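Please keep the sequence and the model at hand while reading.

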Amino acid sequence: MTNSNFGVGGRMIEANSNHYQVVAGSLTGKREADEQTFASLAALSERLERLKGIDDAFSGVAFSAAVEELQTSKTAVTVG
């Protein structure tokens, strides 16, 4: 990665950290799994896919079973 990927003053890193914190909070029950959770999960998923496209070293990286279950729960709520 180049420094330009980190944003101005570390803002992108802070945003990525916030996405992680939102999803982690929902997984641990500290916050409700809401639209912000699923938006953060989508942002993290997109970032992971970009990393996989950049370097094959990331090809085997996947979200945990708990995160996969959380993604499935959004689909169930949307359909239901």
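Is Gln 21 buried, partly exposed or exposed? In this predicted model, Gln 21 is partly exposed, because its relative accessible area is 49% and the buried class ends under 20% while the exposed class begins over 50%.

- Gln 21 belongs to helix α1, which covers residues 11-28.
- Although Gln 21 and Thr 37 are separated by 16 residues in sequence, their C-alpha atoms lie 9.3 Å apart in space.

**Helix α2**
- With 20 residues at 1.5 Å a residue, α2 should span 28 Å, and the distance of 29 Å between its end C-alpha atoms agrees with that expectation.
- The N-terminal end of α2 is capped by Asp 34, which places a side-chain oxygen 3.2 Å from the backbone nitrogen of Gln 36.

**The nonpolar core**
- The largest nonpolar core consists of six residues, namely Val 23, Phe 38, Leu 41, Leu 44, Val 67 and Leu 70.
- Helices α2 (35-54) and α3 (65-79) each contribute at least two residues to this core, and the largest share, three residues, is that of α2.
- Val 67, one of the core residues, is in contact with Leu 27 and Leu 41 when its neighbours within four places in sequence are left aside.

**Salt bridges**
- Three salt bridges are found in a search of the whole structure.
- Asp 34 pairs with Arg 31 through their side chains at 3.1 Å, N to O; Asp 34 is partly exposed at 28% relative accessibility, and Arg 31 is partly exposed at 24%.
- Glu 46 and Arg 50 form a salt bridge at 3.2 Å, N to O, and they are separated by about one helical turn because they stand four residues apart in α2; the relative accessible area is 49% for Glu 46 and 42% for Arg 50.
- Glu 49 and Lys 52 form a salt bridge in which the closest N and O atoms are 3.7 Å apart, and both residues lie in α2, three residues apart; Glu 49 is partly exposed at 49%, as is Lys 52 at 25%.

Conventions:
Residues numbered from 1 in each chain as written. Predicted model: local features only at pLDDT ≥ 70, side-chain atom pairs only at ≥ 80, totals over all residues. Heavy atoms only, no water. Core = buried A, V, L, I, M, F, W, Y, C linked by side-chain atoms within 4.5 Å. Buried < 20%, exposed > 50% of the residue type's maximum accessible area, 1.4 Å probe, protein only. Contact = heavy atoms within 4.5 Å. Expected span 1.5 Å × (residues − 1). Polar contact = N/O pair within 3.5 Å; in protein donor to acceptor, adjacent residues only side chain to side chain. Salt bridge = Lys/Arg side-chain N within 4 Å of Asp/Glu carboxyl O.
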